[in-house]
Amino acid sequence: MATEKLKIIPLGGLNEVGKNLTVYEYGNDILVVDCGLGFPDGEMYGVDVVIPDVTYLVKNAEKIRGIVLTHGHEDHIGAIPYVLKEITAPIYGTPLTLALVRYKLEEHRLTDIADLREFRARDRFSVGCFEIEAIHVNHSIACSVALAIKTPVGTVIHTGDYKIDTTPINCAMMDLTRLGELGKEGVLALLSDSTNAERKGFSPSERTVGAALDELFDNCPRRIIITTFASNVYRVQQIITLAAKNGRKVAITGRSMENMVAASVELGYMTIPPDTVVDITKIKNYPREQQLIITTGSQGESMSALYRMAFGGHKQVEIGPEDRVILSSSTVPGNEKTVSRIINELYRRGAEVLYRDVAGSLHVSGHACQEELKMVLALTQPKFFIPIHGEQRHLRCHAKIAAEVGIEPSHILIGDIGKVMELGKKSIHISGTVQAGRVLVDGTGIGDVGSVVLRDRKHLAEDGMLVVAMTLSREDNSLISGPDIITRGFVYVRESEDLIDEMRMQVIDTLDACQENDIRNWTAIKSTVKASLSTYLQKRIKRSPMILPIIMEN
Ligand SMILES: [Zn+2]
Ligand SMILES: [Zn+2]
């Protein structure tokens, strides 16, 4: 047994932001840390979410002893409903994390099969041969923890997402004391959050946002509509506290925001001053300067409450010149366009719009910057270091920081998804690869949208399509009727009658040529029609729509 190594296999979250999932394997035991989803990029037409490929877990299902969650963000818990359809394992999480998991399982009607087990910071519990201790960290959602995982080879610290907030809201500062103690006892490896590894200094405290918001709420004659990430319990708490202080009533709208507030209040992570929150249908009964609405939609999501308010589709709220709209958030990369569109629309409606670019400190990040990363490295003094949670640039920066604080460069390993990192008491190396990647989810279909479907969708989206329907005689392939040309997303037919006629002529010529050259097979006829039309359109208008020839027989 002494020669057995610990395997660490990331199935997501490295060289990408999102879908975090790390496998720890020793002997016959597998521990899974986090089970998150990712969001599609602009090229993934119609894809709702992206989840990690968990084939490796399915193949080793009998070894899985549990899934332990670090916190309740989508990129750490979002894939649970999909993965639970493939494997069974108890799920461990802090109270708020599990409350959010429960909402998800209800949506997917999976509550019956889930075995949820609660723990709190400083608790210790065993999952197979792994002994786990939860360590309180600061982050943009309450109830976040890092994990100290005692393995037969040594202690591994997996931070999850974190920052060090010396003046946090409603909770204590990150448990640096415990990290220091573990460092003294000896840490084999540290896996640490790299999201902000490029940023110098310290991440500002959540409290600084409160100060900025207080100024904006104070003596404002307008109705205030404010949006933030629903999961940022501390932010929502600050908004409600400050609203009460400034004599405003608060209404909450948007499903994820309502769920989050309900769960946080129930679990004691949020306190609402008496007589502050009112129903969204009742808030108009108060004077404008006493109204404050907290809403979803900070990323410009088209189904969100803020979007509907801006574009006139919200039942209770329509935004106008009497409103001050505050975006207390940052724009997640990839959402720049949708956020910009909503800001433009809000301005167009005459509202006063305040967001990071024009109003400064309306948001702080939940991830550690360079000085905090150094502090965690210094406290834990790991023998080996593996940067996690980030794209290649973030991982590289974090590796450089680790070397700067004195970690032996040959003890720093940058992994990748699917790469098996093997740790012994004195060694670390990559020993192999397992299947890993992304699985695309569209509606209820999981994984049935692959690269071929995506390529077609991209083609359709960029160039449109063209159906050529024709009826041929069974005897001699002569044209009986058609060809009819139907287009979608290609040209506006009424203004392109000449072009359509030309295409029809082109098809007739091609069919004649087929007969002359004795091309009788319909598959061959179809591809000849397709090729000639495609060449013609490329020359004539420099476009290449998807062309679908259909032959009917008579
Ligand atoms: Zn997070
Ligand atoms: Zn994360």
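Start with helix α15: its face turned away from the buried side carries the exposed residues Glu497, Asp498 and Glu516. Buried here means under 20% relative accessible area, exposed means over 50%, and partly exposed lies in between, with a 1.4 Å probe and protein chains only. Helices are DSSP runs of H or I with at least four residues, strands are runs of E with at least two, and both are numbered from the N terminus.

Some housekeeping. This is a predicted model, where local features need pLDDT of at least 70, side-chain atom pairs count only at pLDDT 80 or more, and totals for chains, interfaces and linings use all residues. Residues are numbered from 1 along each chain as its sequence is written, chains are lettered from A and ligands numbered from 1 in the order in which they are written, and side-chain values use heavy atoms, without hydrogens and water.

Back to α15. Which residues of α15 are buried? Leu499, Ile500, Met503, Val507, Thr510, Leu511 and Cys514. They cover an arc of only 120° around the axis, so they sit on the same side of α15. That arc is taken from the directions between the helix axis and the C-beta atoms. The cover over these buried residues includes β23 (465–472), β24 (479–488) and α16 (522–541). Contact means heavy atoms within 4.5 Å.

Now the length check. Helix α15 has 20 residues, 497–516, and at 1.5 Å a residue should span 28 Å; its end C-alpha atoms are 29 Å apart, which agrees. The expected span is 1.5 Å times one less than the number of residues. Just after α15, aspartate 518 takes a positive phi of about 60°.

Next, the parallel sheet. Five strands form an open sheet in the order β14-β15-β13-β16-β17. β14 (249–253) and β17 (352–354) are the edge strands, each pairing on one side only. Neighbouring strands are turned by 20° against each other on average, direction ignored. Two strands pair if DSSP finds at least two bridges between them. Inside the sheet, β13 (223–227) and β16 (323–327) pair in the parallel sense over five bridges. Isoleucine 224 stands opposite arginine 324 in β16. Helix α8 (255–266) lies across β14 and β15 (291–295), at about 120° to β14. Axes are lines fitted to C-alpha atoms, for helices over the stretch in contact, and angles run from 0 to 180 degrees between N-to-C directions.

Two residues deserve a slide. Aspartate 323 is in strand β16. Buried or exposed? Aspartate 323 is buried, because its relative accessibility is 0%. Its side chain reaches the backbone nitrogen of glycine 320 at 2.9 Å. A polar contact is a pair of N or O atoms within 3.5 Å; within protein, one must be able to donate a hydrogen and the other to accept it, and residues adjacent in sequence count only if both atoms are side-chain atoms. Leaving aside neighbours within four places in sequence, aspartate 323 contacts residues including Arg222, Arg223 and Arg288.

Threonine 296 is in the loop between β15 and α9 (305–310). Threonine 296 is buried too, at 10% relative accessible area. Its side chain reaches the backbone nitrogen of alanine 305 at 3.4 Å.

Last, strand β10 (145–151). Six of its seven residues are buried. Six bridges join β9 (130–136) to β10, antiparallel. Five bridges join β10 to β11 (154–158), also antiparallel. β10 and β11 form a hairpin with two residues between them.
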